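I opened the file and kept a notebook while looking things up. The entries follow in the order I made them.

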Amino acid sequence: ANVAQACSRATLPLVHISTDHLFSGDTSFADEGDSPAPVNVYGRMKAEAESRVLDTYPEALLIRTNFYGWGPSYRRSFSDVIIDRLRLGRTLTLFRDVFYTPILIGALIEAIHELIRLRVSGVLHVVGDERLSKYDFGLKIANEFDLDEGLIKPGLLREETSLVRRPYDMSLSN
């Protein structure tokens, strides 16, 4: 509430960054009107955070996204891991049955700045236009950085029994 009050006094929008892990993953391109139906603790906590933000500050701009780009040295991003492994000549397995709509962090930042400038509020999906499997994303990264895409092996999440349950399709309507 203190953050909301401070934003209100300064006429600055409150921007909350959320996730694409909010839905069951049974359909493609979830839109802003779809009710969250998370399948794991991470998704439930993000859904609760969204609810609390909007209850406290209804004028907030709530962005659902999945971005990629360079991560900090203490927490490598998904794309960093792909690049690092391929540069070392190591194989990696990426899922062909998990889909999302990733956006480059720079494009996300530009979109958020524009939304703030336009004084937009409410829940918005800000993602890439292309629905990709994690496997296809890895191939694109390999191609972009001229790395050996043959080191990327296709896998299936449905065959991985040791992982936390997660949605198969996290693609969001943009």
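I began with arginine 117, which is exposed at a relative accessible area of 54%. Exposed means over 50%, buried means under 20%, and partly exposed is in between, with a 1.4 Å probe and protein chains only. This is a predicted model, so I noted its limits: local features need pLDDT of at least 70, side-chain atom pairs count only at pLDDT 80 or more, and totals for chains, interfaces and linings use all residues. Residues are numbered from 1 along each chain as its sequence is written, and side-chain values use heavy atoms, with hydrogens and water left out.

I placed arginine 117 in helix α4, residues 105–117. Helices here are DSSP runs of H or I with at least four residues, strands are runs of E with at least two, and both are numbered from the N terminus. The side chain of arginine 117 has a polar contact with the side chain of glutamate 114, at 2.7 Å. Such a contact is a pair of N or O atoms within 3.5 Å; within protein, one must be able to donate a hydrogen and the other to accept it, and residues adjacent in sequence count only if both atoms are side-chain atoms. I also took the C-alpha distance from arginine 117 to glycine 155: 42 Å in space, for 38 residues in sequence.

Next entry: positive phi. I found arginine 119 at a phi of about 60°, although it is not a glycine. Arginine 119 sits in the loop between α4 and β7 (122–125). Its relative accessible area is 62%, so arginine 119 is exposed. Phenylalanine 29 also has a positive phi, about 55°, and is not a glycine either. I located phenylalanine 29 in the loop between β1 (15–17) and α2 (41–56). Its relative accessibility is 39%, so phenylalanine 29 counts as partly exposed.

Is aspartate 169 buried or exposed? It is buried, because its relative accessible area is 7%. I found aspartate 169 in the segment after β9 (152–155). Its side chain joins that of arginine 131 in a polar contact of 2.8 Å. Leaving out residues up to four places away in sequence, aspartate 169 touches Gly25, Thr27, Ser28, Phe99 and Arg131. Contact means heavy atoms within 4.5 Å.

Then I turned to the cores. A nonpolar core is a set of buried Ala, Val, Leu, Ile, Met, Phe, Trp, Tyr and Cys residues joined through side-chain atoms within 4.5 Å. The largest has 19 residues, of which Ile82, Leu86, Leu92, Leu94, Phe137 and Ile152 touch the most other members. Two or more residues come from each of α3 (78–87), β4 (92–95) and α5 (134–144). The most come from α5, with five. I listed the contacts of isoleucine 152, not counting residues up to four places away in sequence: Leu86, Leu92, Leu94, Tyr135, Gly138, Leu139 and Ala142. Another core lies apart, with seven residues, including Leu61, Leu108, Ile112 and Leu115.

Last entry: the whole chain. I counted five helices and nine strands. Their order is α-β-α-β-β-α-β-β-β-α-β-β-α-β. The C-alpha atoms fill a box of roughly 55 × 30 × 30 Å along the principal axes. Of the 174 residues, 41% are buried. Among contacts between residues at least 6 apart in sequence, 78% join residues at least 24 apart.
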